[in-house]
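Colleague: I'm new to this one. Could you walk me through it?

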Amino acid sequence: MQISAMQISVMAVAAAEEGGHDPTSLVSPVMFHIGPIPVTAHIVSAWVVMAILVGLSILATRNMQMVPRGLQNVFEVLIGGLLDLIDQTAGPKGRQFAPVVMTAFLFILFSNWIGTFPFFGDVPALHSPNSNLNVTAAMAIFVFVLVQFYALRTLGLLGYLMEFVIPNPLHVLTELARPVSLSLRLFGNIFAGGVLVHTMLGIAPFVTFVFLGLELFVGAVQALIFTMLTLVFLSIAVTGHGHDAHDEAHAEAHH
């Protein structure tokens, strides 16, 4: 969903007036401290999402059967679909990234969805983790570091350093732009969507369900975009940047 900066500002002000807190602030409120370390509201909500995923995983695998049913069947269909998508996007080499890619997809998906529901987002400690730029930036930086690690391991130190000179001396800008793009894209869409839903809840609650459905769809799309771009970047890193430049450009243009 494409929303202008002016629309975001107007909706954010309205939501702040309704909810008594400022949703435009990039500073997440501190909930408590673990020793000298502050734990913010969005970190708590990320822990909630992780606890939900762990709980669902335990429930889905505690009584595995040859003919899956119930939650086991849901997870097997989801994992099978993601594996097929990885094979189509990155080929056989992409399977080595399956744990990272699938974990990222499930975490981002549940974070996006769980923050969409009004009863969840109305509690300051339970906003979507992805509505805070610090969380999305942390994930993007992790992807960036992982990509550099695989590129260094594949190309060797000399080959890795040469990538920044030949064939494209602006390659360093490309590398630095990736985490910026990943973090801002996810944060912007989820932040704007959350503000929109809660604003409409106060203005016209009888049509909020329409926006809830739309934001659930947007949340799934954004999780898929982040995941697939991560997979493309990792695949480029293990094959050499020059070989798959077209694929990267195509993926960016498509999303």
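Predicted model: local features only at pLDDT ≥ 70, side-chain atom pairs only at ≥ 80, totals over all residues.

Modeller: Residues are numbered from 1 along each chain, and side-chain values use heavy atoms, leaving out hydrogens and water.

Colleague: How many bridges join strand 1 to strand 2?

Modeller: Strands here are DSSP runs of E, at least two residues, and helices are runs of H or I, at least four, numbered from the N terminus. Two strands pair if DSSP finds at least two bridges between them. Strand 1 (residues 30–34) and strand 2 (residues 37–40) run antiparallel, and the number of bridges is four.

Colleague: Which residue in strand 2 is the bridge partner of I34?

Modeller: The hairpin has two residues between the strands, and G35 takes a positive phi near 65 degrees there. Across in strand 2, I34 has as its partner I37.

Colleague: Is F32 buried, partly exposed or exposed?

Modeller: F32 sits in strand 1. Buried means under 20% relative accessible area and exposed over 50%, with partly exposed in between (1.4 Å probe, protein chains only). At 38%, F32 is partly exposed.

Colleague: Which helix gives the most to the lining of the largest cavity?

Modeller: Helix 6 (133–162) and helix 7 (171–203) each supply at least two lining residues. With five residues, the top contributor is helix 6.
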